[in-house]
Amino acid sequence: MTSAKPRPSARPPLSSSLERNPDLDTWLEIDRDGTVTIRTGKAELGQGLCTAIARICAEELDLPLERVRVETADTARGPMEFMTVGSMSMEDSGSAVRQVCAEARHHLLEQAAKLLGIPMGALRVVDGEIFAAGVRRTSYAELMGGRRFERRVTGEVWPKSPAAYRYVGRKGPRIDLEAKLTRGALLHDLCFEGMLHARVLRPPSYLARLVATDVERVRSSPGVVEVVRDGAFLAVVCDDEACAVRALEELATLTSWDEHERLPPEDQLATFLLEHTSQSFRVVEGTAVAGEVLDATPSAGGTPHQSTESPGQRELRATYLKPYIMHASISPSVGIALWDGERLTVWSHSQGVAILRLAIADSLALDRSLIRVVHVPGAGSYGHNGADDAAFDACLIALACPNQPIRVQWMREDENLWEPYSPAARVDLTARVDAHGRIENWRHDVHSNSHMGRPLPAGGKHSNFIADWHRVPAKPPIPAQPRLEAHAGIHRNADPYYSLPDRQIFKHFVGETPLRVSSTRGLGAFANVFAIESFMDELAHASGQDPLELRLRYLDDPRARAVLLDAAQRAGWSEHRSSKRATPAPPALAEVSRTAPGSTAHDATVASGLGLSFARYKNVKCYAAVAVWVDVQKATGRIQLRRVVISADAGQIIDPDGLTNQLEGGFIQAASWTLKEKVRFDRVAVRSRDWESYPILRFDEIPEFETSLLDQPGMPILGAGEATQGPTPAAIANAVFDATGARLRELPLSPERVLAVMGGERDLA
Amino acid sequence: MPTKLCVNGTTHYSESSPSTPLLYVLRNELGLRAAKFGCGLEQCGACAVLVGGESILSCGLPLSAVGEREVVTVEGLPALAGAADGLHPLQRAFLEENAAQCAYCVPGILIAATALLAWNDAPDRATIQRALAPHLCRCGAHPRILRAVERAADQLRDSDDKRQTTP
């Protein structure tokens, strides 16, 4: 694989966002007072989008940052950019804003030149004021304030050279943060005149049937404005929030449900995924291709397998498992809606207000032109969580209570039970290594459910809104379809970035899902890269090679090699390898523990180890290598993260601190998935209903970080919001192996599992 | 009968029933919406406010249990620090470190950190980690939040030192 090279002679291609929204005025507006409004169709999810967009705008237009206002996704105005997903915002919207502002500046200078009779080349812009020969002549506001550009973006103007950058590439403050640190500034804090508070009573499990309820009794309770019922969709509406919570409790006690044992045994997901596979595809260069797949079922079994086919040759096989995982947003979802009898306005923290609007129109059989959906930042969602459903709940209740803004807040249990999870996955890997440690072939089989359960307009018969499953007539979920495009859902990052010979990659789509599923940060990359990077480590150990050397042997792209070497060097990889060679004791229970730099553990009850992992997200986006030092408590099996090194190449860096925040945050979230997370369920219902039954990583478990950014000025921006999601789990599992000799292939790496594996099988080598 | 409540230095008389969790009174009756609802189960820390100087989870504290104790929310932190620029040193440090992603959890963390620094002006990293452990952050902003608390502690000590050396 080769890296992208800069093409200085070519015109930069227009981003797809610009092709879809070519009208300059859609994006940019200059006020009479010199304030510049830049609009994006993407949403601020806590990733720092507003700041990055403002910096690009200020940079290209030569404006002070304070004079730039950013407006985010709103179906009534600004560009339509679908969803804020897939680490695409900087590439789509960031690139578009750069081009829009470069062309606007060019046009303004052209106008100024004509007006002043001075050649354009003799004009300079300082903070939106236009100078010639050191004298201020005019300004953006004077030229364009309050007027429209009335032109299309052509792509014929070159944006600024990175050498001239003032904001881009430097650390600076997040422009949206002060409000959020001093007062209530999120969707959850919006308060409209006359706003009513609603709570929804959901069934206790997916297929529970409503037996009886007493809406009238709750309706007559003090403070209750309305109880909405449509089939099994039940909601209480009060003018006071605490009252709504009490009314919800009252309604719950008056409502009975019929439940059945319909879920598969929680501990048999690996078999479930194999047995329920509905379609298989070969994956070629990252893309799934339809057609006959012979030998679609890999050999079952969770234990590694090796056989000697000819002298020195060995075939290795291993199975890796990932359970269902929650987005587990820190806040249950909120939706606010107002129906004025003609128009429906919705405020939501959805990742895709444009699609949400279409899905609402479809479900309510309402003309889309009557619906406006405005994105307002809420708690981080990390994919498709309950946000869209809460918005739709609010719509249904608003239709029943016209002319009053309705605020629906889910309870914690609603979010945990009803949010669509990240699907479970099973990855089987097989490879043959020759006597010289060369990988001769590679087979990857991933079995998983769909990663696409978002609400979509589906022609009225089906719906992905929970409420539609319970209303009359009930609409079942839209049947999930396998997606084939490059690195879509299940096969995201299934094709390794290594130049391996004779690679066979298969995606096995499991249509039937016991739990509700949809998109979560990284989609299939988390499970696939966990498997690939663990297996590379296993192959290296089985063939007596340094895991770093084995990876480098198959990495042709110099940028990939650079991040891997950088992370390894900063983590002390080669020193650690040398010290291990000098200590011939078996790694499993070596009495002399190796200690991480900065580690305080020096006793024999703790085993320390270093693990390495690498991926390039979707094989075309940010490069990330992760090195992790862990301590494993031998008595308890508890894994403690000590020190983490991340090295990343995200192309040209817009906001280094924002990038670091994404990379480290992604690591911490993925480490939490790796060490702790698993949606628990019995045969009837999900049992992970709160933070005790669904624990996540806490402050006292956070390691030291060193994050290294390899900037590429002038190169394309590479989305980085999900870059560390893939490499994290294997880096940790490889470190645990290095420390203890125990190879963990099933997530989460809980203390019980660590102890079980430490006591049993140890190593392939 | 209304319940007397002292919040951010002002006395209020709440009309809510005495069993109402303090969080709803603060957010909906007094319009102080920095403290957040996260779980309603005292498990996540998003709703923390200072009650009598202690960091308390307001989702589980009935209005009637507040009593005479002074309540301070994030909106009241600048005044608590006598900050002329409208920001408590912790808020300023959080801004300087960009110590958040979505920031939903941060108000609760600011409260816990305020309580910590009130009794320990030089906490080490492990002490800060323990003090913040009841607070969940899902975005993974932990490293910069820890740095921000350390930075604020340094700044508070510096200003104390200056105050002490100024006659």
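Predicted model: local features only at pLDDT ≥ 70, side-chain atom pairs only at ≥ 80, totals over all residues.

Me: Where is the place of Gln481(A)?

Reply: In the loop between helix 13 (466–470) and strand 22 (503–509) of chain A. Along the chain, Gln481(A) and Gly511(A) are 30 residues apart, yet from C-alpha to C-alpha they are 7.5 Å apart in space.

Me: How do you know that the length of helix 16 of chain A agrees with what a helix should span?

Reply: Helix 16 (residues 558–571) has 14 residues, and at 1.5 Å a residue it should span 20 Å. The expected span uses one less than the number of residues. The end C-alpha atoms are 20 Å apart, so the two values agree.

Me: Which residues of helix 16 of chain A are buried, and what do they pack against?

Reply: The buried ones are Ala560(A), Val563(A), Leu564(A), Asp566(A), Ala567(A), Ala568(A) and Ala571(A). To be called buried, a residue needs 20 or more other C-beta atoms within 10 Å of its own. Their packing partners include helix 15 (547–553), helix 17 (573–582) and strand 24 (623–633) of chain A. Just after helix 16 of chain A comes Gly572(A), with a positive phi of about 80 degrees.

Me: What makes strand 9 and strand 18 of chain A edge strands?

Reply: The open sheet has seven strands in the order 9-10-7-19-16-17-18 (chain A), with mixed pairing. Strand 9 (224–230) and strand 18 (371–375) of chain A each pair on one side only, and that makes them the edges. From one strand to the next, the twist averages 20 degrees.

Me: How do you know that strands 17 and 18 of chain A pair?

Reply: Pairing takes at least two bridges. Five bridges join strand 17 to strand 18 of chain A, so the pair passes, and these strands run parallel. Trp347(A) stands opposite Val374(A) in strand 18 of chain A. Strand 16 (residues 334–339) and strand 19 (residues 406–409) of chain A pass too, with four bridges, but they run antiparallel. There, Gly335(A) has Val408(A) as its bridge partner in strand 19 of chain A.

Me: Which residues of strand 18 of chain A are on the covered face and which on the uncovered one?

Reply: Ile371(A), Val373(A) and His375(A) make up the covered face, while Arg372(A) and Val374(A) make up the uncovered one.

Me: What does Val736(A) touch?

Reply: Beyond residues up to four places away in sequence, Val736(A) touches Gly609(A), Val630(A), Val632(A), Ile639(A), Ala742(A), Leu744(A), Leu749(A) and Val754(A). Touching here needs C-beta atoms within 7 Å. The largest nonpolar core has 278 residues, and Val236(A), Ala627(A) and Val736(A) touch the most other members. Helix 14 (residues 525–542) of chain A gives the most to this core, with 11 residues.

Me: How many residues does each chain put into the contact?

Reply: Chain A gives 45 residues and chain B gives 44. On the side of chain A that touches chain B, helix 18 of chain A gives the most, with eight residues. By class, that side has 18 nonpolar, 13 polar and 14 charged residues.

Technical notes
Residues numbered from 1 in each chain as written. Chains lettered and ligands numbered in written order. Core = buried A, V, L, I, M, F, W, Y, C linked by C-beta atoms within 7 Å. Buried ≥ 20, exposed ≤ 12 C-beta atoms within 10 Å, placed from the backbone. Helix = DSSP H or I, 4+ residues; strand = E, 2+ residues; numbered from the N terminus. Contact = placed C-beta atoms within 7 Å. Axes fitted to C-alpha atoms, helices over the stretch in contact; angles between N-to-C directions. Nonpolar A, V, L, I, M, F, W, Y, C, P; charged D, E, K, R; others polar.
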